[in-house]
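Trainee: I would like to learn how the descriptions of this structure are reached. Could we go through it together, one question at a time?
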Amino acid sequence: MASMNDEQQLILVERQPEQRTALLRLNRPKQLNALNGAVMDALCAELEALDRDDEIRAIVVTGNERAFAAGADIGEMASATAIDMLLTNRIGQWDRIRRITKPVIAAVNGWALGGGCELAMTLDLIVAGEGAKFGQPEINIGVIPGAGGTQRLTRAIGKSKAMEMILTGENITAREAEAAGLVARVTQDELVVEDALALAAEVARKSPIALRLAKEAVNAAYEMSLTDALTHERRLFYLLFATEDQKEGMAAFLEKRPPDFTGH
């Protein structure tokens with residue numbers, strides 16, 4: 001686990017083994033959880049460790065009451081050159097998050113701006129508090145979103161609304177984000193983490209193999225033509241008939257009992 005000044009952990013990890021879930025908290029409260037390189041490295045490392053852990057089946061990532069993450073750490077980038085950015089490849093960290101195979105839920109309170117909004121969109125779905133705000137304000141400091149904001153936001157809410165947000169730097173509310181399709185659920189601010197963990201626990205009761213392939217299939221919808229994506233989906237569907245979980249799930253359905261999925 002990473003630390004800041006050898007005193008403060010940048011990512012706090014809380015495990016709920018009985019629910020087979022884990023909660024990761026971004027922990028730079030004085031900086032509104034601004035995403036510097038150390039935070040992203042720590043977050044990626046914790047996600048990758050949980051992805052390898054057979055006891056965990058679903059993950060929640062959150063910030064605090066004031067901010068999920070208020071953006072990238074501008075102080076870390078302000079004097080960087082194009083070559084600096086190219087060689088450090090900071091945005092490559094988002095690719096590590098994209099490769100996580102287990103479902104990861106963003107629990108968003110307060111600000112989710114710039115890199116914070118991009119981080120939430122990189123995860124699989126978003127549960128937001130009523131007071132949450134989403135935005136890509138990079139245009140206000142002379143750049144554009146660079147960690148997927150122009151791409152994922154457009155795919156989530158459509159060209160026109162995404163263009164308005166990115167060209168003006170204006171934010172949208174949680175309810176607006178839900179109506180536009182960016183957010184899956186909106187709940188009371190004080191219940192965001194609780195509701196996200198409850199959703200994660202519900203997901204964690206499903207077959208781990210089916211969850212992994214379902215996530216892969218949905219993500220393929222953004223990256224393939226419809227014909228190719230349908231073929232990919234069909235192959236994944238057929239593949240699941242080689243699993244013990246498929247036999248258990250269908251037997252449980254026919255026997256009118258809850259299934260006991262083992263991940264095999």
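Mentor: Gladly, and let us begin with the second largest pocket, which holds about 600 Å³ of space in this predicted model.

Trainee: What makes a residue part of the lining of the second largest pocket, and which lie nearest its centre?

Mentor: A lining residue has an atom within 4 Å of a point of the pocket. For the second largest pocket, 23 residues count, and Ala72, Ile74, Met77, Glu138 and Val143 lie nearest its centre. Helix 2 (74–77) and helix 5 each supply at least two residues of that lining. By kind, the lining splits into 14 nonpolar, 6 polar and 3 charged residues.

Trainee: What is the volume of the largest pocket?

Mentor: The largest pocket has a volume of about 1,000 Å³. It is lined by 37 residues, and the closest to its centre are Thr122, Leu123, Asp124, Asn219 and Tyr222. Among the elements that give two or more residues to this lining are helix 4 (92–98), strand 7 (104–108) and helix 10 (208–220). Helix 10 gives the most, with 8 residues. The lining of the largest pocket divides into 21 nonpolar, 7 polar and 9 charged residues.

Trainee: How do you know how many disulfides there are?

Mentor: Two cysteine sulfur atoms must lie within 2.5 Å to count as a disulfide. For Cys44, the nearest cysteine sulfur is that of Cys117, 17 Å away, and Cys44 is in no disulfide. Cys117 is likewise in no disulfide, with the sulfur of Cys44 as its nearest, 17 Å away. The search of the whole structure finds 0 disulfides.

Trainee: Why is Cys44 called buried?

Mentor: The word applies under 20% relative accessible area. Cys44 has 1% relative accessibility, so it counts as buried. Cys117 has a relative accessible area of 1%, so it is buried too.

Trainee: Why is Glu46 called buried?

Mentor: Its relative accessible area is 12%, which is under the 20% cut-off, so Glu46 is buried. Glu46 lies in helix 1, where the buried residues also include Val39, Leu43, Cys44, Leu47 and Leu50. The C-alpha atoms of Glu46 and Leu12 are separated by 9.4 Å, although these residues are 34 apart along the chain.

Trainee: What makes strand 3 and strand 4 a pair?

Mentor: At least two bridges are needed for a pair. Strand 3 (residues 11–16) and strand 4 have 6 bridges, in the antiparallel sense, so they pass that test. They form a hairpin with 4 residues between them, and Arg20 in the turn has a positive phi of about 60°.

Trainee: Which way does strand 4 run relative to strand 5, parallel or antiparallel?

Mentor: Strand 4 and strand 5 (residues 58–62) run parallel, joined by 5 bridges. Within strand 5, Val60 is the bridge partner of Leu23.

Trainee: Why is strand 4 called largely enclosed?

Mentor: Of the 6 residues of strand 4 (residues 21–26), 5 are buried, so the strand is largely enclosed by the rest of the structure.

Technical notes:
Residues numbered from 1 in each chain as written. Predicted model: local features only at pLDDT ≥ 70, side-chain atom pairs only at ≥ 80, totals over all residues. Heavy atoms only, no water. 1 Å grid on protein atoms, 1.4 Å probe; cavity = no way out; pocket = protein on both sides within 12 Å on 5 of 7 lines; lining within 4 Å. Points joined across faces, edges and corners; volume = space filled by probe spheres on them. Nonpolar A, V, L, I, M, F, W, Y, C, P; charged D, E, K, R; others polar. Buried < 20%, exposed > 50% of the residue type's maximum accessible area, 1.4 Å probe, protein only.
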